[in-house]
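The structure is shown first, and the discussion follows.

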Amino acid sequence: MLHEQQGTGSNGNRREAAPPKKPGRALRRQGMDGSPPEGIGKKLPDYQTYELNGLQRTACIAIGGLLCFGIGYLFYHQWLVAIIMASGGWIVPRFWRAHLLERRRTAMNLHFKQALYSLSSSLSAGKSVENGFREAIQDLRMLDPDAENDLITELGIICARMEYGEPVEDALNDFSRRAAMEDITNFADVFTTCKRTGGDLVEVVRHTSTVIGEKLDIKQEISVMIAQKKFESRALLAAPILMLMFMNFTAGDYMQPLYSGMGIVISTGALAGLAGCLLWIMKMMDIKV
(Lines give C-alpha, C1' and ligand atoms only; values in the text may rest on other atoms or scores of the structure.)
Protein backbone atom coordinates (compact mmCIF):
# COMPACT_ATOMS: atom_id res chain seq x y z
CA MET A 1 0.00 0.00 0.00
CA LEU A 2 2.85 2.33 0.86
CA HIS A 3 4.58 1.62 -2.47
CA GLU A 4 1.39 2.36 -4.38
CA GLN A 5 0.99 5.73 -2.63
CA GLN A 6 4.56 6.69 -3.46
CA GLY A 7 4.18 5.70 -7.11
CA THR A 8 0.91 7.60 -7.73
CA GLY A 9 0.04 11.25 -7.65
CA SER A 10 -3.03 13.07 -6.40
CA ASN A 11 -4.91 12.38 -9.68
CA GLY A 12 -4.26 8.66 -9.52
CA ASN A 13 -1.76 8.61 -12.40
CA ARG A 14 1.49 6.77 -11.87
CA ARG A 15 4.57 9.00 -11.97
CA GLU A 16 7.83 7.69 -13.40
CA ALA A 17 11.10 8.65 -11.79
CA ALA A 18 13.31 10.89 -13.94
CA PRO A 19 16.47 9.20 -15.27
CA PRO A 20 19.58 10.13 -13.34
CA LYS A 21 21.71 12.86 -14.89
CA LYS A 22 25.25 12.10 -15.88
CA PRO A 23 27.52 14.19 -13.69
CA GLY A 24 30.09 14.84 -16.40
CA ARG A 25 27.73 16.08 -19.10
CA ALA A 26 27.23 19.56 -17.67
CA LEU A 27 30.95 19.87 -17.01
CA ARG A 28 31.81 19.04 -20.58
CA ARG A 29 29.43 21.72 -21.85
CA GLN A 30 31.03 24.49 -19.85
CA GLY A 31 34.43 26.01 -19.65
CA MET A 32 36.10 27.45 -16.62
CA ASP A 33 33.89 30.54 -16.71
CA GLY A 34 30.64 28.70 -17.47
CA SER A 35 30.84 29.24 -21.24
CA PRO A 36 31.52 26.55 -23.82
CA PRO A 37 35.22 25.78 -23.84
CA GLU A 38 37.13 27.08 -26.78
CA GLY A 39 37.53 24.56 -29.60
CA ILE A 40 35.18 22.01 -28.01
CA GLY A 41 32.10 21.01 -29.99
CA LYS A 42 33.30 22.43 -33.30
CA LYS A 43 35.72 21.40 -35.99
CA LEU A 44 39.26 22.35 -35.18
CA PRO A 45 41.02 24.49 -37.80
CA ASP A 46 43.33 22.95 -40.38
CA TYR A 47 46.31 25.20 -41.15
CA GLN A 48 47.27 23.35 -44.32
CA THR A 49 44.36 24.86 -46.25
CA TYR A 50 42.65 28.24 -46.47
CA GLU A 51 39.06 28.73 -47.55
CA LEU A 52 37.98 32.00 -49.12
CA ASN A 53 34.52 33.29 -48.35
CA GLY A 54 32.09 34.24 -51.06
CA LEU A 55 32.98 37.93 -51.04
CA GLN A 56 36.72 37.27 -51.27
CA ARG A 57 36.28 34.80 -54.11
CA THR A 58 33.99 37.15 -56.05
CA ALA A 59 36.38 40.08 -55.56
CA CYS A 60 39.36 38.00 -56.75
CA ILE A 61 37.54 36.83 -59.87
CA ALA A 62 36.29 40.34 -60.68
CA ILE A 63 39.63 42.09 -60.17
CA GLY A 64 41.57 39.34 -61.93
CA GLY A 65 39.12 39.30 -64.83
CA LEU A 66 39.35 43.07 -65.30
CA LEU A 67 43.14 42.96 -65.14
CA CYS A 68 43.37 40.12 -67.68
CA PHE A 69 40.83 41.87 -69.91
CA GLY A 70 42.85 45.09 -69.84
CA ILE A 71 46.11 43.28 -70.64
CA GLY A 72 44.44 41.33 -73.43
CA TYR A 73 43.04 44.45 -75.05
CA LEU A 74 46.32 46.33 -74.57
CA PHE A 75 48.36 43.63 -76.36
CA TYR A 76 45.87 42.72 -79.13
CA HIS A 77 43.27 45.50 -79.47
CA GLN A 78 40.61 42.87 -80.13
CA TRP A 79 37.52 42.60 -77.94
CA LEU A 80 37.10 38.87 -78.50
CA VAL A 81 40.66 38.07 -77.42
CA ALA A 82 40.32 40.38 -74.42
CA ILE A 83 37.11 38.63 -73.33
CA ILE A 84 38.75 35.22 -73.69
CA MET A 85 41.72 36.36 -71.61
CA ALA A 86 39.35 37.74 -68.97
CA SER A 87 38.48 34.13 -68.14
CA GLY A 88 41.89 33.99 -66.49
CA GLY A 89 40.27 35.72 -63.52
CA TRP A 90 38.94 32.32 -62.42
CA ILE A 91 42.43 31.19 -61.41
CA VAL A 92 43.18 34.31 -59.35
CA PRO A 93 41.45 32.97 -56.17
CA ARG A 94 43.92 30.07 -56.17
CA PHE A 95 46.91 32.43 -55.98
CA TRP A 96 45.22 34.71 -53.46
CA ARG A 97 44.36 31.69 -51.29
CA ALA A 98 47.98 30.54 -51.38
CA HIS A 99 49.14 34.05 -50.44
CA LEU A 100 46.76 34.28 -47.46
CA LEU A 101 47.71 30.78 -46.32
CA GLU A 102 51.42 31.61 -46.43
CA ARG A 103 50.83 34.84 -44.51
CA ARG A 104 48.77 32.99 -41.90
CA ARG A 105 51.43 30.32 -41.42
CA THR A 106 54.21 32.91 -41.22
CA ALA A 107 52.33 34.82 -38.51
CA MET A 108 51.73 31.59 -36.57
CA ASN A 109 55.41 30.73 -36.76
CA LEU A 110 56.35 34.12 -35.33
CA HIS A 111 53.78 33.86 -32.53
CA PHE A 112 54.97 30.32 -31.78
CA LYS A 113 58.49 31.64 -31.26
CA GLN A 114 57.20 34.21 -28.76
CA ALA A 115 55.11 31.57 -26.99
CA LEU A 116 58.15 29.30 -26.63
CA TYR A 117 60.13 32.05 -24.96
CA SER A 118 57.26 32.64 -22.55
CA LEU A 119 56.89 28.90 -21.82
CA SER A 120 60.61 28.55 -21.23
CA SER A 121 60.59 31.47 -18.77
CA SER A 122 57.59 30.05 -16.89
CA LEU A 123 59.15 26.59 -16.54
CA SER A 124 62.46 28.12 -15.43
CA ALA A 125 60.54 30.01 -12.73
CA GLY A 126 59.24 26.68 -11.36
CA LYS A 127 55.70 26.84 -12.76
CA SER A 128 53.90 23.76 -14.01
CA VAL A 129 53.39 22.98 -17.69
CA GLU A 130 49.69 23.83 -17.45
CA ASN A 131 50.38 27.23 -15.91
CA GLY A 132 53.15 27.77 -18.45
CA PHE A 133 50.71 27.48 -21.35
CA ARG A 134 48.27 29.82 -19.61
CA GLU A 135 51.04 32.36 -19.05
CA ALA A 136 51.96 32.12 -22.73
CA ILE A 137 48.42 33.13 -23.67
CA GLN A 138 48.59 36.14 -21.39
CA ASP A 139 52.01 37.15 -22.73
CA LEU A 140 50.81 36.97 -26.33
CA ARG A 141 47.82 39.13 -25.45
CA MET A 142 50.09 41.64 -23.76
CA LEU A 143 52.10 42.01 -26.98
CA ASP A 144 48.91 42.80 -28.92
CA PRO A 145 45.90 43.30 -26.62
CA ASP A 146 43.37 43.69 -29.44
CA ALA A 147 44.48 40.61 -31.40
CA GLU A 148 43.08 37.10 -31.20
CA ASN A 149 45.48 35.22 -33.43
CA ASP A 150 45.50 31.53 -34.32
CA LEU A 151 48.14 30.57 -31.76
CA ILE A 152 46.18 32.11 -28.89
CA THR A 153 43.20 30.04 -30.01
CA GLU A 154 45.31 26.87 -30.15
CA LEU A 155 46.85 27.47 -26.73
CA GLY A 156 43.35 27.97 -25.36
CA ILE A 157 42.31 24.63 -26.87
CA ILE A 158 45.32 22.92 -25.31
CA CYS A 159 44.48 24.40 -21.89
CA ALA A 160 40.84 23.32 -22.25
CA ARG A 161 41.91 19.78 -23.08
CA MET A 162 44.17 19.69 -20.05
CA GLU A 163 41.22 20.81 -17.92
CA TYR A 164 39.38 17.64 -18.99
CA GLY A 165 42.29 15.38 -18.12
CA GLU A 166 43.76 14.89 -21.59
CA PRO A 167 47.58 14.62 -21.58
CA VAL A 168 49.29 17.76 -22.79
CA GLU A 169 51.47 15.79 -25.21
CA ASP A 170 48.38 14.44 -26.99
CA ALA A 171 46.99 17.95 -27.41
CA LEU A 172 50.36 19.17 -28.72
CA ASN A 173 50.64 16.31 -31.19
CA ASP A 174 47.14 17.04 -32.50
CA PHE A 175 48.06 20.71 -32.95
CA SER A 176 51.29 19.82 -34.76
CA ARG A 177 49.40 17.45 -37.06
CA ARG A 178 46.91 20.14 -38.06
CA ALA A 179 49.58 22.84 -38.38
CA ALA A 180 52.00 20.66 -40.41
CA MET A 181 54.88 23.03 -39.66
CA GLU A 182 58.39 21.73 -39.08
CA ASP A 183 59.16 23.82 -36.00
CA ILE A 184 55.91 22.95 -34.23
CA THR A 185 56.27 19.26 -35.11
CA ASN A 186 59.84 19.14 -33.81
CA PHE A 187 58.84 20.83 -30.56
CA ALA A 188 55.89 18.48 -30.06
CA ASP A 189 58.10 15.43 -30.64
CA VAL A 190 60.81 16.64 -28.26
CA PHE A 191 58.27 17.67 -25.62
CA THR A 192 56.45 14.32 -25.84
CA THR A 193 59.68 12.31 -25.55
CA CYS A 194 60.92 14.36 -22.61
CA LYS A 195 57.56 14.23 -20.83
CA ARG A 196 57.27 10.44 -21.11
CA THR A 197 60.89 9.56 -20.37
CA GLY A 198 61.32 11.96 -17.47
CA GLY A 199 64.00 14.20 -18.99
CA ASP A 200 64.92 17.73 -17.98
CA LEU A 201 61.88 19.47 -19.42
CA VAL A 202 63.10 22.98 -18.55
CA GLU A 203 66.42 22.56 -20.34
CA VAL A 204 64.84 20.85 -23.34
CA VAL A 205 62.24 23.60 -23.79
CA ARG A 206 64.88 26.30 -23.35
CA HIS A 207 67.23 24.73 -25.90
CA THR A 208 64.43 24.02 -28.38
CA SER A 209 63.07 27.56 -28.12
CA THR A 210 66.58 28.96 -28.71
CA VAL A 211 67.15 26.83 -31.83
CA ILE A 212 63.73 27.60 -33.30
CA GLY A 213 64.14 31.28 -32.47
CA GLU A 214 67.49 31.44 -34.29
CA LYS A 215 65.98 29.73 -37.31
CA LEU A 216 63.10 32.21 -37.42
CA ASP A 217 65.55 35.11 -37.07
CA ILE A 218 67.42 33.84 -40.14
CA LYS A 219 64.14 33.67 -42.05
CA GLN A 220 63.33 37.26 -41.11
CA GLU A 221 66.79 38.46 -42.18
CA ILE A 222 66.39 36.76 -45.55
CA SER A 223 62.94 38.31 -45.99
CA VAL A 224 64.37 41.78 -45.31
CA MET A 225 67.25 41.21 -47.73
CA ILE A 226 65.05 40.13 -50.64
CA ALA A 227 62.28 42.67 -50.00
CA GLN A 228 64.03 45.26 -52.19
CA LYS A 229 64.63 42.70 -54.93
CA LYS A 230 60.97 41.76 -54.90
CA PHE A 231 60.01 45.39 -55.40
CA GLU A 232 62.52 45.77 -58.23
CA SER A 233 61.23 42.64 -59.96
CA ARG A 234 57.63 43.89 -59.81
CA ALA A 235 58.72 47.24 -61.24
CA LEU A 236 60.53 45.51 -64.10
CA LEU A 237 57.46 43.40 -64.88
CA ALA A 238 55.18 46.44 -64.85
CA ALA A 239 57.52 48.57 -66.99
CA PRO A 240 56.71 46.97 -70.40
CA ILE A 241 52.97 47.22 -69.74
CA LEU A 242 53.22 50.87 -68.69
CA MET A 243 55.40 51.63 -71.71
CA LEU A 244 52.88 49.98 -74.04
CA MET A 245 50.06 52.02 -72.47
CA PHE A 246 52.07 55.22 -72.87
CA MET A 247 52.81 54.50 -76.53
CA ASN A 248 49.15 53.72 -77.27
CA PHE A 249 47.97 56.98 -75.70
CA THR A 250 50.62 59.21 -77.27
CA ALA A 251 51.32 57.53 -80.63
CA GLY A 252 48.44 55.26 -81.51
CA ASP A 253 49.14 55.29 -85.26
CA TYR A 254 52.74 54.24 -84.66
CA MET A 255 51.55 51.16 -82.71
CA GLN A 256 48.98 49.97 -85.30
CA PRO A 257 51.34 47.47 -87.06
CA LEU A 258 51.68 45.66 -83.72
CA TYR A 259 48.01 44.60 -83.85
CA SER A 260 47.93 42.92 -87.25
CA GLY A 261 49.90 40.27 -89.13
CA MET A 262 53.27 39.46 -87.53
CA GLY A 263 52.59 42.06 -84.87
CA ILE A 264 50.13 39.68 -83.18
CA VAL A 265 52.80 36.98 -83.09
CA ILE A 266 55.29 39.42 -81.56
CA SER A 267 52.71 40.54 -78.96
CA THR A 268 51.97 36.92 -78.07
CA GLY A 269 55.68 36.17 -77.65
CA ALA A 270 56.18 39.25 -75.48
CA LEU A 271 53.20 38.36 -73.29
CA ALA A 272 54.43 34.78 -72.90
CA GLY A 273 57.89 36.09 -72.00
CA LEU A 274 56.43 38.31 -69.28
CA ALA A 275 54.45 35.39 -67.85
CA GLY A 276 57.58 33.21 -67.86
CA CYS A 277 59.58 35.93 -66.09
CA LEU A 278 56.87 36.24 -63.45
CA LEU A 279 56.96 32.49 -62.70
CA TRP A 280 60.77 32.49 -62.70
CA ILE A 281 60.96 35.41 -60.25
CA MET A 282 58.42 33.78 -57.92
CA LYS A 283 60.50 30.60 -57.97
CA MET A 284 63.74 32.46 -57.24
CA MET A 285 62.25 34.45 -54.36
CA ASP A 286 60.85 31.36 -52.62
CA ILE A 287 63.82 30.65 -50.34
CA LYS A 288 63.44 27.81 -47.85
CA VAL A 289 65.39 27.71 -44.58
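The side chains of K215 and E182 are joined in a salt bridge, with an N to O distance of 3.1 Å; the term denotes a side-chain nitrogen of Lys or Arg within 4 Å of a carboxyl oxygen of Asp or Glu. This pair connects distant parts of the chain, as K215 belongs to helix α10 and E182 to helix α9 (residues 182-197), 33 residues apart. Helices are DSSP runs of H or I with at least four residues, numbered from the N terminus. K215 is buried, at a relative accessible area of 18%, where buried means under 20%, exposed over 50%, and partly exposed in between (1.4 Å probe, protein chains only).

## Basis of the values

The model is predicted: local features require pLDDT of at least 70 and side-chain atom pairs count only at pLDDT 80 or more, whereas totals for chains, interfaces and linings use all residues. Residues are numbered from 1 along each chain as its sequence is written, and side-chain values use heavy atoms, with hydrogens and water left out.

## Further salt bridges

By the rule stated above, the count comes to 15 salt bridges. One of them pairs D217 with K113, whose closest N and O atoms are 2.6 Å apart. Because D217 lies in helix α10 (residues 201-250) and K113 in helix α5 (residues 92-124), this contact ties together parts that are 104 residues apart in sequence. D217 is partly exposed, with a relative accessible area of 28%, while K113 counts as buried at 13%.

## A nonpolar surface patch

W90, I91, F95, L278, L279 and M282 form a nonpolar patch on the surface, with about 670 Å² of accessible area together. Such a patch is made of residues with over 30% relative accessible area and no salt bridge, nonpolar side chains (Val, Leu, Ile, Met, Phe, Trp, Tyr) being joined within 5 Å; accessible areas come from the Shrake-Rupley method with a 1.4 Å probe, and for residues only the protein chains shown count as cover.

Helix α11 (residues 262-285) supplies the largest share of the patch, three residues. M282 is found in helix α11 and is partly exposed, with a relative accessible area of 45%.

Conventions
Helix = DSSP H or I, 4+ residues; strand = E, 2+ residues; numbered from the N terminus. Patch = residues over 30% accessible without salt bridge, like charges linked within 9 Å, V, L, I, M, F, W, Y side chains within 5 Å.
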